[in-house]
Amino acid sequence: MAEMGSKGVTAGKIASNVQKKLTRAQEKVLQKLGKADETKDEQFEQCVQNFNKQLTEGTRLQKDLRTYLASVKAMHEASKKLNECLQEVYEPDWPGRDEANKIAENNDLLWMDYHQKLVDQALLTMDTYLGQFPDIKSRIAKRGRKLVDYDSARHHYESLQTAKKKDEAKIAKAEEELIKAQKVFEEMNVDLQEELPSLWNSRVGFYVNTFQSIAGLEENFHKEMSKLNQNLNDVLVSLEKQHGSNTFTVKAQPSDNAPAKGNKSPSPPDGSPAATPEIRVNHEPEPAGGATPGAALPKSPSQPAEASEVAGGTQPAAGAQEPGETAASEAASSSLPAVVVETFPATVNGTVEGGSGAGRLDLPPGFMFKVQAQHDYTATDTDELQLKAGDVVLVIPFQNPEEQDEGWLMGVKESDWNQHKELEKCRGVFPENFTERVP
């Protein structure tokens with residue numbers, strides 16, 4: 001019998017709940033159609049809007065904080081792998097091996113401590129903060145249902161009172177249900193009216209505490225990590241001093257946005273002397289018997305005009321010699337090659353001063369001097385020359401001197417020039433310190 005009674009009670013509750021849902025649905029339809037008025041509370045509705053906004057912000061903050069923690073964990077793993085690699089390659093007889101291992105251990109512990117403190121002081125606090133929202137959200141929804149019940153009971157009571165045939169018993173019962181519905185609604189409404197504004201105002205202090213904790217933890221973490229990195233740097237400096245002869249020169253690679261070659265610092269392989277600027281002037285010996293003051297052969301590099309004329313292939317006029325010159329001097333003059341004077345211009349801050357081959361037909365326009373590659377050079381850009389040790393390069397001036405960067409020259413490989421005779425296809429820049437000048 002007790003079982004049946006229990007089932008009866010359960011069935012009664014189900015029927016009651018179903019009836020409530022139907023009554024509420026009917027009431028909502030009437031309100032939407034404008035056939036029944038709805039109790040409004042604009043102040044409470046504003047509180048609900050603030051609540052929903054606060055919940056959305058908190059949920060996003062929680063998500064982003066979890067992403068941040070995942071990134072910290074990933075960085076921890078990457079840092080750990082990197083230090084493990086250093087420990088493996090650090091040979092036992094190198095100085096500072098024990099210190100390097102200790103630094104790696106402290107690095108791992110520091111990451112673990114940072115991650116754990118973020119969880120304790122930020123994520124758990126975040127979870128606690130958001131933990132109060134589901135209950136309040138449920139109570140807001142329940143309060144909305146009780147408000148519909150109250151409006152429904154009110155409308156039912158009013159309809160009985162305005163009926164032509166009044167049933168006092170039904171009116172009394174409807175009034176009793178109205179008072180009960182109103183009491184339940186007002187109790188919930190008063191509690192939420194107090195809690196929602198308080199919850200909304202609490203967000204300021206929560207945000208301050210959360211981000212202060214994160215900022216403080218990150219600041220301390222980077223301070224301690226900076227000390228470890230400095231210690232590791234000291235260990236590596238000690239290793240470098242002991243093995244100073246085995247240094248490794250890194251050649252910087254050009255970036256796509258680099259406007260000039262000056263951003264690169266090409267270095268020749270170890271043990272090779274870097275090319276140094278020099279001025280070399282080679283003069284043919286004076287003809288036997290001496291030349292007259294009007295002779296075309298220059299006496300010093302301070303006569304650029306005359307040097308240009310001779311280097312350009314202009315032969316002295318037949319009348320430039322006096323009748324008293326000996327036959328030996330005539331023979332010497334007739335046996336001179338096309339270029340009798342080679343003036344090697346100096347480079348000052350990477351800029352070539354002067355030039356001596358502007359008029360040669362077998363050399364590129366503006367030819368200044370030759371260099372020979374002492375080491376291989378791999379071009380890293382489309383405007384660079386690819387050099388192999390032994391390649392001879394004919395150096396020419398930059399079309400725009402402002403484009404020349406220190407340590408770089410413009411030229412064309414002699415083999416390419418002899419084959420194509422086209423500067424546009426063959427010329428390019430190359431590092432001067434990979435080459436040496438040749439006569």
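The legends below describe close-up views of one predicted model. Because the coordinates are predicted, local features are reported only at pLDDT of at least 70 and side-chain atom pairs only at pLDDT 80 or more, whereas totals for chains, interfaces and linings use all residues. Residues are numbered from 1 along each chain as its sequence is written, and side-chain values use heavy atoms, with hydrogens and water left out.

**View 1. Confidence along the model.** The protein has an average pLDDT (the predictor's confidence in each residue, from 0 to 100) of 77, and 66% of the residues score at least 70.

**View 2. Strand 8 and its pairing with strand 7.** Helices (H or I, at least four residues) and strands (E, at least two) are DSSP runs, numbered from the N terminus. Strand 7 (residues 408–413) and strand 8 (residues 428–431) run antiparallel and are joined by 4 bridges, where pairing requires that DSSP finds at least two bridges between two strands. Leu409 has Phe430 of strand 8 as its bridge partner. In a regular strand the side chains alternate between the two faces of the sheet. In strand 8 both faces are covered, with Gly428 and Phe430 on one side and Val429 and Pro431 on the other, all buried (buried means under 20% relative accessible area, exposed over 50% and partly exposed in between, with a 1.4 Å probe and protein chains only).

View 3. A search of the whole structure finds 10 aromatic pairs, for which rings of Phe, Tyr and Trp (its six-membered ring) must have centres within 6.5 Å, with planes under 30 degrees apart counted as stacked, over 60 as edge-to-face and the rest as tilted. The ring centres of Tyr377 and Phe434 are 5.2 Å apart and their planes lie at 70°, so this pair is edge-to-face. The pair links distant parts of the chain, 57 residues apart, since Tyr377 belongs to the loop between strand 5 (369–373) and strand 6 (392–396) and Phe434 to the loop between strand 8 and strand 9 (435–438). Tyr377 is buried at 4% relative accessibility, and Phe434 is buried at 2%.

**View 4. An aromatic cluster and charges over rings.** Phe51, Tyr129, Phe133, Phe206 and Tyr207 form one aromatic cluster. A charge sits over a ring if NZ of Lys or CZ of Arg is within 6 Å of the ring centre and within 35 degrees of the ring normal. The charged end of Arg203 is placed in this way over the ring of Trp200, 3.7 Å from its centre, and that of Arg437 over the ring of Phe369, 4.0 Å from its centre.

**View 5. Salt bridges within helices.** The model has 14 salt bridges (a side-chain nitrogen of Lys or Arg within 4 Å of a carboxyl oxygen of Asp or Glu). In helix 2 (residues 42–89), Arg60 and Asp64 are 4 residues apart, about one helical turn, and their closest N and O atoms are 3.5 Å apart; Arg60 is exposed at 61% relative accessibility, and Asp64 is partly exposed at 39%. Arg139 and Asp135 lie 4 residues apart in helix 4 (residues 133–161) and form a salt bridge at 3.7 Å.
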